[in-house]
Amino acid sequence: MGDDVSESVPVRQDQPPSYEKSDLVEEDQPTSVEEVALELMNFPASQKKAVLEDGSLEKTVLEVEDNPTTSEEIAMIGGQDLKQYTFCVFQEESHLKVLQSLIDEELSEPYSIYTYRYFVYNWPDLCFFAMEGDRYVGVIVCKLEATIGGVLQGYIAMLSVDVEYRKRGIGRALSEMAIEAMAMKDAAMIVLETELTNKPALALYESLGFIRERRLLRYYMNGVDAFRLKLILKNSADLSFSED
Amino acid sequence: MNGSSVAEPPDFQAATAAAAAAAARASSSEQDEWSASECGFLDPEVQRTMRSGSAAEDITQYPMHGWVDVTREFHDACAELQPGELAQDMLFGLFEAMSAIEIMDPKMDVGMGFDKQDLPPPSFEAAIATGAIKLDDLTPSELIGIFDALFSCLVSWLEGNSMDQVLFTCLYLHAPSQIKDKALRVFCTAVRNLIVVIKNIIAVAAVNEEEDFQLYGNSALLAAEKAQPAAVYSSLKEVEDQLVRKCKKLTTATEDWMAVVHRLRFMRHLFQVIYHVEQMASNDTVDDKVDIYKILLVASEMLPGIRNTLDRGTQPEKGSEAPNPMGFSPRIHDRSQPPAFPRSIKIRDRPASYQFLEEMISRFKYACKVSKYKDYYSALNFFIEYSKKSGQCILSRSVLQSLFSANMRMAHGKLPMKQFLRYSVQIFNSPPVLNAKHPVAADPKVQQHLENFFRYCINMNTFTQFIRICGFNRARQRDKLARLIENFDTIQVDAARLDSLMNQLANERAMEGNEPWATALKHSTHFSTWVLYNCFRAMLIFLMSGFELELYAVHEFLYIYWYPYEFLIGFLVSALTRTENILLAQEEYAEHQSKIQSSAGGGGGGAAKSRKAAKPKKNKKQQRPYRAEIVFYHALLSLCGGMYKAMGALTKDGRVRLPLSQFDNEEIRYNRRFLPFATLTSPPPVSYAEFKNIREHMMRPSVEDLYTYAAKHFDQARNVLESIQNPDQEMLDLLQIARTNFVVMNVLARGHQKEVKRQPEFDFSKHSYFPIIKLK
């Protein structure tokens, strides 16, 4: 993964891309950086109607506690050693506590227990944990549902990596794992929302091929705008440009 | 799966069956009725809703539900569940899960914001009883404090806060009729009426979205006293006059009292304008003698005086949430809000609120200018500009919509839009068939075709919708434009059909030897040019607004700038040039005709000749109405070209970060970005393969050459922009961007920073469509 950039670079065959990935790295910073902290959904009462209509969450907050990283570094992940971590899906009730502790601690805006349950018991196989030894260090929570238009849409609801384990590619690995799982189940696209100000998260998703499709004004309780991000997996005409 | 009960109906059935059985048992046995307060229905809004469910209007008692204690049955049912299992109703989905509030969690439970010792927030009656608020003999300082705080609340409401949580934290607004102090009573009544009137304007204009404005609040509070907006002006005037007379008798504190008067007067003018706009929007017959612009001028003249006397009023206490010490009960509605996580409410401070009002008044003044624009082309231009400058304020946007539709109604009688569009095409490129003086205008067949076309335009709603879309907030505009663009296709087809019909008729008339008619009908694509021009504009705004909304990643800039550079701006320029040429040709034809007539009339004197010699020059100038716009598009074209090639050069130079993912697919991204254009017949969609070919060709030269080509485009843009006389701020900003990027491209072409391949910074702070490229 990550090495095939030729498709995106328009150059002639006899003129290979004139750069290596490493060229793009800031000299004084480590290469592999990933700092996606937390992502949660939450939305004001006024926007709840939208949830009912399209079945997707209207709001995802991605919070970054400390933000020393520039966005470009995030995009430069690849090739780091993730061997020390193991990954597993949601299996049992005790995982719920782990999930809550990974996500709740860092958050300013809350989730009810029902929200967690809604995701992990409906789509346990789309909830992945990252572990180092027996310590849980990251989690991603997703769902996969057909939209009104009949296309299968994946949704990344939460992504969180323990503060001490950030910038190691765990968030990226979890995202790829989840996207792949949804793609295997025939998802036509993956969507999520993230805060305008969360540059690391935006950079991560951008490097995964997501586009910022819509801007959502005053989306969060703190009045901050959000972006709706989309990764289209199937080049299909029936994915209309809608306000979903 | 996993033994969870969510997916397993038996547990759920067990739980619900027990509850159902209990309910069935209970319905037969008579139980004591529970009082409303015991049931927890303290919230007046809930009470009202409950009452409204009943047929009777005046119910002082609660409906007699057979409330039953099912605690034991509930516990029994729960015993059947394993730890962690949950009985889930079919209807309990994500929405319910998200709406659920965990009691006692401070992040979710509004009540946790209160200490046990806290007294309930005082109501109007309670505040009177405890003497916390005065109803009579308020000092000027107290009045100023309350008035200023109310203006702050009004502004905060217009900024999207809940009406209950800002305006109706002012207890005085709950029952102004009980206030004895006349100035305060009249002012509070004015605020209440203003709320009603503003809500009407925004509802009628309907360019609001939930994130802009909360249209609904606790209507019971407003309903308590009937709105009588027509009486507000005169009662404000009356109390002002009384206070002025009082001032004359006073020897002390006259300035304080005058500060009160100024606030009343400002309110009177503000109210008068807003009320008048509302009347214009909702009534056909409006007193058009009221000159809104003049009133706005007076209102804005009042503001400096008011801002100078802010310190004469009582000030909010430090650490208090109340915008004024007396008369406000900040948390009074916390418990009557819809069940949601507590949102913090921020009320603007007083100087910032008056600043807002001042700006709003100048936006209103600007909006008044819409009456000058009588045709679609100029009106649309005005709306686009207005949105750029005033897009933030929902009331300003709504006022413009109201003024425009009222203006159209007055200018064009009963069928405003159809006539308006007809007139607009005539102004835009003057198809001879639309000229009423022309003999062809009387041909019923021709008229029928025209009628059909314009009726179709109205039915499709495309043109009206474009103007309305400009009234929405900037983020929503883009979503709506995407759908609007698709709508243009059918109208394009219809316009092209009309054009060819006219040409066909022209040929027939020519065969008949009827030359004047043939000439009149022979029009080169007038209608389709008009439709296409508007479609292109929507496309350009759609595409470029992605920069303003920060939707594009840097690696996407290349194809985004490429499309307008390669196609769109060229289309716009050629549509306008074609239009100018048509107008010119018509002018020449008319001249030619008159020449024939005058020479047929027998010889022309020297005077006539010299007049004719001077005339064409003057006309030529007149007939280039789109010159300025064309020049501007030339500048945009060069800027887009510059950016396109700059991005090509930077990419080839390895200075653009590209997605590194198995999931990324540029073709898909490209198709998604241009999706709204895909359905159009004209311009035909450009496939990704075509784009790729063009890009490949563009990127063939060396990196240094590419930077140099980009620099040349920026230099062209600079030349064009410098040639513009009396450039506005936007032109000057673009000029600076062109100049800077020209330098940066040249620096890169010379091999600067060759060793470190960093992605430059793209700084959009000067212009929302074009960045200054900055090397780090």
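Is A:Asp186 buried or exposed? A:Asp186 is exposed, because 12 other C-beta atoms lie within 10 Å and the exposed class takes 12 or fewer. The views below are taken from a predicted model.

**Figure 1. The loop around A:Asp186 in chain A.** A:Asp186 sits between helix H5 (170–184) and strand E7 (189–195) of chain A. Phi of A:Asp186 is positive, near 80°. The residue is not a glycine.

Figure 2. Helix H6 of chain A spans residues 199–207. Eight of its nine residues are buried, so the helix is largely enclosed by the rest of the structure. The buried residues of H6(A) are A:Pro200, A:Ala201, A:Leu202, A:Ala203, A:Leu204, A:Tyr205, A:Glu206 and A:Ser207. A:Gly209 follows H6(A). Its phi is positive, near 105°.

Figure 3. Chain A has six helices and nine strands. Of its 244 residues, 50% are buried.

Figure 4. H17(B) runs over residues 444–460 and has 17 residues. From first C-alpha to last, H17(B) reaches 24 Å. That is close to the 24 Å expected at 1.5 Å a residue. B:Leu450, B:Phe453, B:Phe454 and B:Cys457 are the buried residues of H17(B). They cover an arc of only 90° around the axis, which puts them on the same side of the helix. An α-helix has 3.6 residues a turn, so residues three or four places apart point the same way. On the other side of H17(B), B:Pro444, B:Lys445, B:Gln448 and B:Asn459 are exposed.

**Figure 5. The packing partners of H17(B) and the residue that follows.** Which helices do the buried residues of H17(B) pack against? They pack against H16 (416–429), H18 (462–469), H19 (474–512) and H21 (526–548) of chain B. Just after H17(B) comes B:Asn461. B:Asn461 takes a positive phi of about 70°.

**Figure 6. The helix pair H19(B) and H21(B).** Both helices pack against the buried residues of H17(B). The axes of H19(B) and H21(B) come within 8 Å. They cross at roughly 160°. The two helices are therefore roughly antiparallel to each other. Their crossing is left-handed.

**Figure 7. The helix pair H24(B) and H28(B).** H24(B) covers residues 627–652, and H28(B) covers residues 729–749. Their axes come within 11 Å and cross at roughly 30°. H24(B) and H28(B) are therefore roughly parallel to each other. H24(B) passes H28(B) in a left-handed crossing. On the H24(B) side, the contact is made by B:Ala635, B:Leu639, B:Gly642 and B:Ala646. On the H28(B) side, the contact is made by B:Leu734, B:Ala738, B:Asn741 and B:Met745.

Figure 8. B:Val110 is found in the loop between helix H5 (94–99) and helix H6 (124–129) of chain B. B:Val110 has 17 C-beta neighbours inside 10 Å, so B:Val110 counts as partly exposed. B:Asp334 is 224 residues away along the chain. The C-alpha atoms of B:Val110 and B:Asp334 are separated by 7.1 Å.

**Figure 9. The loop residue B:Ala206.** B:Ala206 lies between helix H8 (182–205) and helix H9 (219–223) of chain B. Phi of B:Ala206 is positive, near 50°, in a residue other than glycine. B:Ala206 counts as exposed, because 11 C-beta neighbours lie inside 10 Å.

**Figure 10. The cis peptide bond at B:Pro683.** The bond from B:Ser682 to B:Pro683 is cis. Its omega is near -5°. B:Pro683 is found in the loop between helix H25 (666–673) and helix H26 (688–698) of chain B.

Figure 11. Chain B has 28 helices and two strands. Of its 776 residues, 40% are buried. Among contacts with a separation of 6 or more in chain B, residues 24 or more positions apart account for 79%.

How values were computed:
Residues are numbered from 1 along each chain as its sequence is written. Chains are lettered from A and ligands numbered from 1 in the order in which they are written. This is a predicted model: local features need pLDDT of at least 70, side-chain atom pairs count only at pLDDT 80 or more; totals for chains, interfaces and linings use all residues. Helices (H or I, at least four residues) and strands (E, at least two) are DSSP runs, numbered from the N terminus. The expected span of a helix is 1.5 Å times one less than its number of residues. A residue is buried if 20 or more other C-beta atoms lie within 10 Å of its own, exposed if 12 or fewer, and partly exposed in between; C-beta atoms are placed from the backbone. The arc is that of the directions from the helix axis to the C-beta atoms. Two residues are in contact if their C-beta atoms, placed from the backbone, lie within 7 Å. Axes are lines fitted to C-alpha atoms, for helices over the stretch in contact, and angles run from 0 to 180 degrees between N-to-C directions. Angles under 35 degrees count as roughly parallel, over 145 as roughly antiparallel, 65 to 115 as roughly perpendicular and the rest as oblique. A crossing is left-handed if the near helix is turned anticlockwise from the far one by less than a right angle, and right-handed if clockwise.
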